[in-house]
Amino acid sequence: MNTMIRTIKTTSLMTATGLAAFAFVQPAMALDAQTFIDRIEAVYKVMGYDMSFGPATLSGDTITVDGVTVTMTGMDPMTLETELTFSGVVENDDGSYFADSLTTPDLDLEFGDEHVGHLTLVDMVAEDLWLPPEGETNAEVLVQLVGRMATGPLTLTRDGAEVIKIAGMEAVSEFAYDANDALESIHSDVAITDIWADLSTLGEEEPEAGAIVEALGLTKISGNITQSVNWSMADGRMVFEESKLDFADIGALNFTADITGFTLDMLDKIYAMQASDLDPASEEAQAQQMMAGMEIAQALSIGGASLRYDDAGLAPKLLDLFAAQSGVERAAFVESLKAMLPAMIAESGVPALNDVVVPPVSAFLDDPQNLEVAVNPASPTSVLVLAAAAANPAGLIQALGLTVTANAKTK
């Protein structure tokens, strides 16, 4: 029966037919709203969230809760005075819970004194929610609590004029299991789509910044933020296929990485530290954090990573702006920058960087297309080993396989 539950959990968006079939095969046990809420509080406490829910009521398979206060160590309590609705709640025969969705009323806030701000956010939802049986709070179950979180449009106005708009936000996790029903991998996607912002009023608060925005033609910007990650449980390999900020007429900044060693055992230790009752400022807590940091640095290995910028119009505008401020033509300004590069690297005290950095950066300044900084060790290397190698910067550059490239073929 657990296999059936987990198989159904692997689908981020459950169809009505699938849910009906699930309910038919496994009748729901008698629900108790308070027990369900208590389970949420117990599970999330392991991850460092101290939750206190308001009164909970049950109607059919829907549990409605009157607000929640969330407290994390070192932070002031955050209170949400709004109705939380858990729909399609089922208690399984092993004591776990499944809920089709959690929804809240649309957000509509007005704030500010000198200028009136108005924020709206609609269609907020979390779907494919799962709570493990009582007492089961290890990392393997904690990473499976939510399949999808999303919102509809967000709008922020200032004195009635729109300044920020977002079409929607979504985070989806898909879970895969082995033949023994153990969690095998997670694929996660995050998207913040159709971001739009009007920066024309920035000068009212920050005149210098406003002048730069105006000069660069960035009074209105639009773009998207996306991320895609694969995480394998066996070796703790986490591959960031994409973490991109992409804005029209500006450029795209993308981070990728291949890291191993981020296992569920390590996550259990991190959760245990977060849930500790020790004062974070105490010597004992700081000693524990230092030991945990050393253990993580030893366990995590870097297989590769890169940060790439693809220009879509911003770099030439910046060069033109700085050249104008210097009172010279852009070509002359670029040549002066290129001439300064070796001296700047010499000041860093790492002369080995000269051959790595100067040629590609010079090529980018001449023709700003793209610039990428990457590390590609010959084999995955632990963070602790790399930290030790930092005593010899030239050796570290070689150990990392550090490269800087410019104007490579678009990926």
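## Leu 371 and its surroundings

Leaving aside residues up to four places away in sequence, Leu 371 touches Leu 307, Arg 308, Tyr 309, Pro 360, Phe 364, Val 404, Thr 405 and Ala 406. These contacts belong to a predicted model, in which Leu 371 is placed in strand 19, a strand made of residues 370-375.

Leu 307 counts as partly exposed because its relative accessibility is 41%, and together with Leu 245, Leu 253 and Phe 255 it forms a nonpolar patch on the surface, for which the accessible area of the four residues comes to about 320 Å².

## Helix 9

Strand 18, which spans residues 301-311, is also among the elements against which the buried residues of helix 9 pack, the others being helix 6 (207-215), helix 10 (330-348) and helix 11 (353-366). The buried residues in question are Leu 314, Ala 315, Leu 319, Leu 321 and Ala 323.

Helix 9 itself covers residues 314-326, and its 13 residues reach 18 Å from the first C-alpha to the last, which is close to the 18 Å expected at 1.5 Å a residue. After the helix comes Gly 327, which has a positive phi, near 75°.

## Strands 9, 10 and 13

Strand 10 (residues 146-151) is joined by four bridges to strand 9 (residues 125-131), and the two run antiparallel; within strand 10, Arg 148 stands opposite Glu 127. Strand 10 is likewise joined by four bridges to strand 13 (residues 168-177), again in an antiparallel arrangement, and here Met 149 has Ala 171 of strand 13 as its bridge partner.

## The chain as a whole

The secondary structure of the protein chain comes to 13 helices and 21 strands, and its C-alpha atoms fill a box of roughly 80 × 55 × 45 Å along the principal axes. Of its 411 residues, 37% count as buried, while the chain exposes about 22,000 Å², of which carbon and sulfur atoms supply 59%.

Among contacts between residues at least 6 apart in sequence, 59% join residues at least 24 apart.

Terms used:
Residues numbered from 1 in each chain as written. Predicted model: local features only at pLDDT ≥ 70, side-chain atom pairs only at ≥ 80, totals over all residues. Heavy atoms only, no water. Expected span 1.5 Å × (residues − 1). Buried < 20%, exposed > 50% of the residue type's maximum accessible area, 1.4 Å probe, protein only. Contact = heavy atoms within 4.5 Å. Patch = residues over 30% accessible without salt bridge, like charges linked within 9 Å, V, L, I, M, F, W, Y side chains within 5 Å. Areas by Shrake-Rupley, 256 points an atom, 1.4 Å probe, with all protein chains shown as cover. Salt bridge = Lys/Arg side-chain N within 4 Å of Asp/Glu carboxyl O. Pairing = 2+ DSSP bridges.
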